[in-house]
Structures are given as C-alpha cells and as structure tokens.
Amino acid sequence: MFTSLLPGQALPVTATTSISAGQRLFDAVLFDRDGTLVEDVPYNGSPDKVRPMPGAREAVDRARAANLRVGVVSNQSGLARGLFSAADLARVNARVSELLGPFDTWQICPHGPGDGCACRKPAPGLVRAAAADLGTVPERCAVIGDIGADVAAAEAAGATPVLVPTPVTRPEEVAAAPVVAATLGEAVSHLLERQDRVAPAAPRRGGRVLVVRTDSAGDMLVTGPAIRAVAAGAESVVLLCGTRGQDSAALLPGVDEVVTADLPWISPDPARVDPGAMTGLVDRLAALAVDEAIVFTSFHQSALPLALLLRMAGVARVSAISDDYPGSLLDVRHRVPYGIPEPERALSLAAAAGYGLPADDQPTLRVATGPRPARRSYVVVHPGASAPARACPPDVCAAIVAALAAAGRRVLVTGGPDETDLTAYVAANHAVDLGGALTWAELAGVLAGAECLVVGNTGPAHLAAAVGTPVVSLYAPTVRFGAWAPYRVPTVRLGDAAAPCRDTRATACPVPGHPCLSTLDPAAVADAVRVLTGGPA
C-alpha cells in the first residue's frame, strides 16, 4: 500500500536526555513536504525547483538536536497521474535531504484522490507507517503540515498535529486545527516546550499527598496521568473529588483513598457558601494528615479558595496553577499557556511540584477496568452531554444512528439514567438502547470492546480515550479543541469549528439553531467511522 522512497534506518528511538521515557511526549516529528518543508511546486518532478521554506533547515535541526527522529509524510498523486516518474520523485526527495539534512523515514502515497487507498492524507496510513518504520507508535509522533489534510491524518492516527498555514490554507482548516503556528520554527518550539513542561526540573519524593480535582467525570479522567505521576513519587495518594467525578475517581490508577466534597466555587450549580460547611471542610482536610496538596483545576477555575482552606487545615506545602497573585497561599505557583491539552496542563503542574511519570508509564489516559476485551463489531453512539451546548441535536443523532445501521454497523446507544427518553429516541429501531443501563465502570467495558465511539465533547469521549477506543468527535467549539479533544487516541473531528459559539464557554447554546452541530451530515459520520476502523478517507 505504501511506497517508501529514500527511507532512513528504522532504529528504536533512544533518549539522550535525562528525562524518563514516560516524561517524553514525542519520539518523532513527521513533516509534510510540499508547502511545509519546501515551496509547493505542483507535481514537481525536478530537483532544480526545490526551494526550502523559510527556516526549514533550522526547524528540522532543532528537532534532531532534541533527539527526536524526523520523517516526511507526503501525498504525491503526480505518480498516479503520470506527471513524473518514481525516479523523478526519488531525485526530488534526495534534493530535499541534501538541503535539509537526512530524514529517518520517508512515507509517500503514490495514489490519486479516487484510488480509495488508506494512505492518502487525510487518511492516517502514512502516519501509521512512519511511526512503525521508526519503531514507535503514532501517539508518540507529532505531524507538522500546512493544510487540513495533514491535521486530519495526524488526528485519525492518534498523533499530535500542528498547522503552519500558508496563503493556500483555507480559513476553515485554520479554525479546525488544534494548534496553529505562524512558522515552522514556532511549530517545533511549541512541541519542545510542551515536552519540557511535563518533565520535573527538580524531582522529589513525597509522603502522603492530597491531589484535588473536584469537577466532572471527564475532568477526573484527563487528570489521571498527572495523578499517576504523583503516585510514582509519593508514599500514598489521597484524592479529593466532587460527587460528579467520583465514578471516574474510582477507576483511576494510583489512588489509595478517595474523599468527596462539592466546592461552591467549582460546582456548576452551587449552593450559597455555608460558613459552617467550610469550617467542617477545614476539619476534614486536617484529619487527612497529608504532607502536601496539589490542586488541579481547569483554566477558568481558581485554586486559591481551596488553597486558603488547606492552609487553615495546616497543610505545609500547596501547589496549583494560578495567574492571580496567591500571596502565601501557594508554595508552588505554576502558570500554563491557555489551550494546551488538559492532560498536559495537569502533568505540567505535577512536574512543577516535582513529580513525573516513571519510565514504564506513558502520558495517556488510563482507567483500571480489568482485562481489556477483544474489539467487537459494534459502534457506540452517546448522544447526551453534561452541557447542552456540547450535545448534538437529537434528530441529528437519530439520523447518524440510522446511517450507521444502513452501512451495516451494529450500533449501541448509551446514556445516563436521566437520558433514557433521549437514547430511546435516538436508537429507534436501528440500534440497541442501553440508556440508563450501565454504571460508569460498565460503560468503560462497553467502550473498550467497541470499534469506535461517536460522541460530543463530554465525559465518555475521555473514557473512550482511556480505554484506547477511537472517537468520532462531534465537537461544539465553545471551548478549544486543542485543550479538550480526546487525548492521544485516533480521532476524527466533525462540526463547524468556526461557528459563532466558538470560544464562548457557553453551557447552553447561545446561537439559535445550534449551527455548529445541527448541520452535520450523517454520511460524513459514517465515513469517519470507516476511516477509524481501517477504511480509506
């Protein structure tokens, strides 16, 4: 299926830095060729026309200097069209290597748009092949390209995309990209900075550590890698969670004890602050007898109210992310740029506190659900969401289920106990209705056996990522996809990324007609499922 021209040696990735393998986000950076590394000359078969993009050599050399393998993933349909020969292409690629240095792998799709291959971007085949050639996996690769097909190929493989737009990049492609960099150098810098943030500069051993995440089930899951990092360096870990997140908390590895409290500055429907309840919470915190606390929050939440209560409870060391001046409330005041993936945001706080993942772990979501079942031939559709603005309209979900069934898919529809009317409507006579029938742990098992999940931006998307199941993400852009996308798992994003609700953080749709998701084509969802389950794009 793949044509590999001028391949580099496929040697195992080895680290020369002092950080552990678990603290390396990336083993390799894969570059698109035309429009990214070199100027885009349509159907170029002449090495004399190869011109590097500004800063290309410096950017690739920076990746090499950081001990990242480098590769090229490129569509070259000119071969199928007969516009140049394989020998011409080899000479062009040789000239690219001459100008930019050697690459460790070249993966080329020689097919035309109508050939139905699984390697032509936006299909994930080239990214998967490059990762295999480099002795790694796609989720440990980054992909840098200049158009939406490069981003989509990376996401469908589970890799990390960075878009570097050119004048030919369409606005909707820029809107949909999770990360956009102005130059190739900025793209590489972004990746290196992300990797640096999750490795502790001053590793330490802890005693009894309280970790805090007091919002929803999905928020608990994306904090999981950071909690495992703390657990790797602590004698024991106590997790303080809210009642909305306790089902996820029970599934997280590395937690020795779980306590619950709903905090009025975190809960979406808070009661008035009760001084007596706050005094009681201080007493409960003191009774835990922890040596330190690490308070994990989302970007829009403040850790400082709880930090004050922790100080009143006598906790000697408190770490949190805070843009606001914390005075003496924090011993470790950490800051993170807006928009990085939430799991990495949490990992970076753990690292700032001195804790990193061990060499035998990976920066992925994970839950303890027992042996993973074999993949079975069904697709799960989860129509509900914790915030109405992030839910796909019921009639669209019903049409999606019908389209999947018409394509020969066995479909299961899931939902919580308060969503049984919704799941019954969406399932109709096309799918098995499991609304209200599953505990959170049972849902994890069902997702672990599924070919993929079709879902909005809500907790089950992260639960699917935690069990390694691909996700068709029906994503309302109220919050940034780059922060809340299913993490390091094959994903196809659908929905209008440039809709008027973009970045509003709205929980109820602020635009009549819910245009970001109401215009979804059910056939596009069926196509996305096919891509994630092994078919062409």
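Predicted model: local features only at pLDDT ≥ 70, side-chain atom pairs only at ≥ 80, totals over all residues.

A: Searching the whole structure turns up 5 cavities of 30 Å³ or more. The largest cavity comes in at about 250 Å³. It has 19 lining residues, and those closest to its centre are Ala159, Pro161, Ala485, Pro486 and Arg488. Two elements give two or more residues to that lining, namely strand 5 (160-163) and helix 18 (481-484). Helix 18 has the largest share, with 3 residues. Sorted by class, the lining of the largest cavity has 11 nonpolar residues, 4 polar and 4 charged.

The largest pocket holds about 1300 Å³ of space. Its lining runs to 46 residues, and the ones closest to the centre are Ser216, Arg244, Ser386, Arg390 and Thr458. Helix 8 (217-222), helix 10 (246-249), helix 16 (440-448) and helix 17 (459-466) each put at least two residues into that lining. As for the make-up of the lining of the largest pocket, count 21 polar residues, 16 nonpolar and 9 charged.

The second largest pocket has a volume of about 730 Å³. Here 28 residues do the lining, and Gly148, Ala152, Val492, Arg493 and Leu494 are the closest to the centre. The elements that contribute two or more residues are helix 5 (148-157), helix 6 (171-176), strand 17 (491-494) and helix 20 (522-532). Helix 5 gives the largest share of this lining, with 6 residues. By class, the lining of the second largest pocket splits into 16 nonpolar, 4 polar and 8 charged residues.

Let's stay with the second pocket and pick out a residue from its centre. Gly148, one of those closest to the centre of the second largest pocket, sits in helix 5. Is Gly148 buried or exposed? Its relative accessibility is 19%, so Gly148 counts as buried, given that the cut-off is under 20%. From Gly148 to Leu163 you go 15 residues along the sequence, and the C-alpha to C-alpha distance is 7.8 Å. Leu163 falls within strand 5 (160-163), one of the elements that line the largest cavity.

Helix 20, another contributor to the lining of the second largest pocket, contains Ala528. Ala528 is buried too, at 4% relative accessibility. What does Ala528 touch once its neighbours within four places in sequence are set aside? Its contacts are Val472, Val492 and Leu494.

Helix 1 (residues 56-65) has Ala56, Ala59, Val60 and Ala63 buried. Look down the axis of helix 1 and those buried residues fall within an arc of 95°, so they line one face of the helix. What do the buried residues of helix 1 pack against? Their partners are strand 1 (28-31), strand 2 (69-75), helix 3 (86-100) and helix 7 (184-197). On the face turned away from that buried side, helix 1 carries the exposed residues Glu58 and Ala65. After helix 1 comes Asn67, which has a positive phi, near 65°.

One last stop, at some cysteines. How many disulfides does the model have? The count is 0. Take Cys117: the closest cysteine sulfur to its own is in Cys119, 3.6 Å away, which is too far for a bond, because a disulfide needs the two sulfur atoms within 2.5 Å. Cys117 counts as buried, with 13% relative accessibility. For Cys119, the closest cysteine sulfur is in Cys109 at 3.4 Å, again too far for a bond. Cys119 is buried as well, and its relative accessible area is 0%.

Terms used
Residues numbered from 1 in each chain as written. Heavy atoms only, no water. 1 Å grid on protein atoms, 1.4 Å probe; cavity = no way out; pocket = protein on both sides within 12 Å on 5 of 7 lines; lining within 4 Å. Points joined across faces, edges and corners; volume = space filled by probe spheres on them. Helix = DSSP H or I, 4+ residues; strand = E, 2+ residues; numbered from the N terminus. Nonpolar A, V, L, I, M, F, W, Y, C, P; charged D, E, K, R; others polar. Buried < 20%, exposed > 50% of the residue type's maximum accessible area, 1.4 Å probe, protein only. Arc of directions from axis to C-beta. Contact = heavy atoms within 4.5 Å.
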